[in-house]
There are 2 protein chains.
Amino acid sequence: MTKRTERRADALSKEKIVAAAILLLDAEGEGGLTFRALASRLATGSGAIYWHVADKGELLAAATDHVVTRAMSAIEAGGADPRDAIRTIALGMFDTIDAHPWVGAQFSRAPWQPAMLRVFEAIGARLWQLGVPEGARFNAWSTLVTYIFGAAGQNAANARLQAPGTDRSAALADIAGGWSRLDAAEYPFLRQVAPQLAAHDDRDQFLAGVDLILAGIGTVL
Amino acid sequence: MTKRTERRADALSKEKIVAAAILLLDAEGEGGLTFRALASRLATGSGAIYWHVADKGELLAAATDHVVTRAMSAIEAGGADPRDAIRTIALGMFDTIDAHPWVGAQFSRAPWQPAMLRVFEAIGARLWQLGVPEGARFNAWSTLVTYIFGAAGQNAANARLQAPGTDRSAALADIAGGWSRLDAAEYPFLRQVAPQLAAHDDRDQFLAGVDLILAGIGTVL
DNA sequence: ATATTTATGGAACGTCGTTCCATTCAAGTG
DNA sequence: CACTTGAATGGAACGACGTTCCATAAATAT
């Protein structure tokens, strides 16, 4: 008599589950993704989800893969200048992780995700095109991708621990204020750059780093 | 009659708790630090720990702070060449996070820890000493510290998800093998650098990145 | 027609961070 | 000195989580 386990009209699938997980992650942050919340959104039980997905790690990996793949498809980096192409790709990753901070956390939990391969290749291909000689190519590539994902990951951490409602510049002003009040003998440098810390824009700063690395690469061309 | 809550001979303290937490983290990894395991090691209950420590976040922050502070004290970077000093500091952080991977995870969970200030200042002071002009100083500093902590954090992630017992070169060979089998039209670059990926040493590669950024900084001197 | 696999969803298990609370001891107060 | 107050302790209990188990039903194979 119990109609407990009938077949659903809209069958579950890994794709549907991942899509719902992304909605949850974007709406409520990393902590918002629980199997109970997910089951509730999908009007099912946790057991049914586990039939399609091995565990939470696989779910997070699939969600990350989906978002990164979508972002890479949207990036148009076909211009003639390889340096501009690298800047475009780097900013694309930065903006993606900024919009989905949980992606950054996932990178620091499980690097080497399949979707990263497209990013890796895109960066490497432009370096090749730029004429970086064989001996310096791997170093140049490794430095760039490490910087890009490292910086984007740190930015995501900042975004995550930012109290909702407050804005970034207020938080930066707080930190810079602390720096300017440090001991003058022990922290002369931090005191001096405190105003720049308060005024800087994370995205511009990220790009300045990419440019500095490109300048370093320029010395071996 | 119940002797349940007598005073301890060796009174608890935040210092003792943090020390025990570090031992646990080093021995069992991030997952090994639970209030129950900690209470058992200290022969107490979780309630007593909470009297000295606000929550797990504060405990992790204190443990990280302790380890980083100790590492910075051990670093001797007094040499004449500011570039060498920067390399020494960078490698010191790399080695510290390599030895305590949970520190890397903590950085991506809560950056701006107080202990980082000493590292920040040390890097900045050497850039100043190097003669980086005012306009480029903040960019140079920001790029370096972002790279150092980003790279060390990614390295920690690799260390954490490495199956205990297996070695890094085997894991790298696996990944490189995958790269060399990628589609030749879509991934020419990754196929080409696969042998270098398999052969590289993480620490050397990290240092090569620092050198490349230093070369970039050299272009604005 | 029957057996087997695919799929479902709720209940139950074990662990975690955290809170609560009864209790004890040390330090102040008259 | 008695007595009150608050620091400190440690175990029990709470609620939420990831995960596993299981009874069931529909789809598919035999």
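Modeller: In helix H10 of chain A (residues 188-199), A:Phe189, A:Leu190, A:Val193, A:Ala194 and A:Leu197 are buried, that is, under 20% relative accessible area with a 1.4 Å probe and protein chains only, where over 50% is exposed and anything in between partly exposed. Helices are DSSP runs of H or I with at least four residues, numbered from the N terminus. This is a predicted model, in which local features need pLDDT of at least 70 and side-chain atom pairs pLDDT 80 or more, while totals for chains, interfaces and linings use all residues. Residues are numbered from 1 along each chain as its sequence is written, chains are lettered from A in the order in which they are written, and side-chain values use heavy atoms, without hydrogens or water.

Seen down the axis of H10(A), the buried residues fall within an arc of 160°, so they line one face of the helix; the arc is taken over directions from the helix axis to the C-beta atoms. On the other side, A:Pro195 and A:Ala199 are exposed. The cover over the buried residues of H10(A) includes helix H9 (168-180) of chain A, and from chain B helix H7 (114-130) and helix H8 (134-160).

Overall, 53 residues of chain B are in contact with 53 residues of chain A, contact being heavy atoms within 4.5 Å. B:Trp112, B:Phe138 and B:Phe189 supply 16% of the area that chain B buries against chain A, more than any other three residues; buried area is the accessible area (1.4 Å probe) that two parts lose on being put together, summed over both.

How values were computed. Helices (H or I, at least four residues) and strands (E, at least two) are DSSP runs, numbered from the N terminus.
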